[in-house]
Amino acid sequence: MRRVIERLLNLLAFLLTAERPVTAEEIRTTVAGYAKESDEAFHRMFERDKALLRRMGIPLELTATDAWEVEFGYALQPDKYQLPDPDLNDEERAALWLAAQVVRLGGQPAGPDALLKLGGLTMAGGGEPLAAELGLGTGDLEAAFRASTERRILTFDYHGRKRDVHPMGILHQRGHWYLIAFEGGEQRSFRVDKATRMTVGEEPDAFTRPQGFSLREALPVEPWAIGETEVTAKVVFDADAAWWARRQLAGDVAEQEDGSLEAIVPVANPDAFIGWILSFEDRAEILEPEELRTALVERVRP
């Protein structure tokens with residue numbers, strides 16, 4: 001994917017500096033990334049690159065290179081894809097600067113170039129503010145994104161098993177990137193940083209997204225529901241904490257005669273579940289399974 005991005009950037013740079021329509025042969029012999037390909041391979045690659053640019057909103061137009069319209073070449077019309085000046089005021093630029101500084105993707109700092117183009121920076125500091133680290137799955141994150149947007153089959157190893165999935169998209173939640181995909185007709189979530197040997201299929205539009213599917217609703221809200229462990233916990237909450245537990249649980253709950261609440265909770269992330277139980281202090285008790293009770297005791301043991 002990185003080579004594709006580099007080739008697209010080289011192509012854009014060449015077209016923007018050419019200041020005239022250029023033929024496909026000129027592009028092939030001038031733009032890095034095309035020259036070593038055979039005629040058929042270049043044609044397929046160039047067609048894919050043109051489609052990618054158009055999907056990004058950058059139209060590549062075929063126009064005549066001379067007045068007699070004997071030969072045709074490709075040209076860019078910046079006015080057709082460049083954004084107009086948003087005319088931000090000082091407060092809006094300050095808010096944008098703060099957002100760019102606070103959010104990090106893979107620890108990479110946000111460069112000021114884009115903000116300078118939007119009217120300059122209204123503030124600068126010698127130190128970095130508190131930041132939200134969004135993490136980065138390097139090439140795997142790029143592969144997952146490409147496969148989901150182009151609807152290609154995605155293959156990877158996950159927990160010792162090869163997976164062939166229909167990727168729906170990627171989401172960031174609680175410090176990790178998750179791939180939402182269908183495997184064998186079942187919707188599943190995979191942590192991108194735990195997947196290896198990720199390979200994107202050759203065929204685009206290899207599957208159809210289910211009608212009514214919502215990526216926003218694909219991950220459960222409860223932190224203990226996201227993970228690979230499959231444990232069913234039985235928990236009892238004291239009467240004075242039952243109301244709060246009931247608000248946070250969507251599973252099987254039953255109120256007892258003394259006002260306490262007994263709940264059956266599917267747990268995929270035991271650590272997150274134990275952390276939540278500890279927030280109730282001594283007003284919640286894990287009844288089963290025994291291994292989860294033991295893990296809770298080990299967590300609080302001095």
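## A partly exposed arginine

At 23% relative accessibility, R146 counts as partly exposed; that label covers the range between buried (under 20% relative accessible area) and exposed (over 50%), using a 1.4 Å probe and protein chains only. This is a predicted model, where local features need pLDDT of at least 70 and side-chain atom pairs count only at pLDDT 80 or more, while totals for chains, interfaces and linings use all residues. Residues are numbered from 1 along each chain as its sequence is written, and side-chain values use heavy atoms, with hydrogens and water left out.

So what does R146 meet in a salt bridge? Its side chain meets that of E150, at 3.4 Å from N to O. (A salt bridge here is a side-chain nitrogen of Lys or Arg within 4 Å of a carboxyl oxygen of Asp or Glu.) R146 and E150 are four residues apart in helix 6 (residues 138–150), so about one helical turn separates them. E150 counts as buried, at 9% relative accessibility.

How many salt bridges does the structure hold? There are 17. One of them links E26 with R20, and the closest N and O atoms are 2.8 Å apart. E26 is partly exposed, with a relative accessible area of 26%, and R20 is partly exposed too, at 43%.

D193 and R191 also meet through their side chains, at 2.7 Å from N to O. D193 has 48% relative accessibility, which counts as partly exposed. Elsewhere, salt bridges tie R161, R163, E183 and R188 into a network.

## A four-stranded sheet

Now for the strands. Helices (H or I, at least four residues) and strands (E, at least two) are DSSP runs, numbered from the N terminus. Two strands pair if DSSP finds at least two bridges between them. Strands of a sheet pair through backbone hydrogen bonds, either parallel or antiparallel.

Here, four strands make an open sheet in the order 11-12-10-13, with antiparallel pairing. Strand 11 (252–255) and strand 13 (284–288) are the edge strands, each pairing on one side only. From one strand to the next, the twist averages 25°; angles run from 0 to 180 degrees between N-to-C directions, and axes are lines fitted to C-alpha atoms, for helices over the stretch in contact.

Let's look at the pairs. Strand 11 and strand 12 are antiparallel and share four bridges, and A254 has E262 in strand 12 as its bridge partner. These two strands form a hairpin with five residues between them, and G259 in the turn has a positive phi of about 90°. Strand 10 (residues 231–237) is joined to strand 13 by four bridges, again running antiparallel. In that region, V236 stands opposite E285 of strand 13.

## Helix 8 and its neighbors

Helix 8 (residues 270–278) packs on the sheet and touches strand 10, strand 12 (261–267) and strand 13, where contact means heavy atoms within 4.5 Å. The direction of helix 8 makes about 0° with that of strand 10.

Helix 8 also packs against helix 9 (residues 290–300) at an angle of about 65°, with their axes 10 Å apart. On the helix 8 side, the contact includes P270, F273 and I274; helix 9 brings residues including L292, L296 and R299. By class, this contact has nine nonpolar, one polar and two charged residues. Nonpolar covers Ala, Val, Leu, Ile, Met, Phe, Trp, Tyr, Cys and Pro, charged covers Asp, Glu, Lys and Arg, and the others, Gly among them, are polar.
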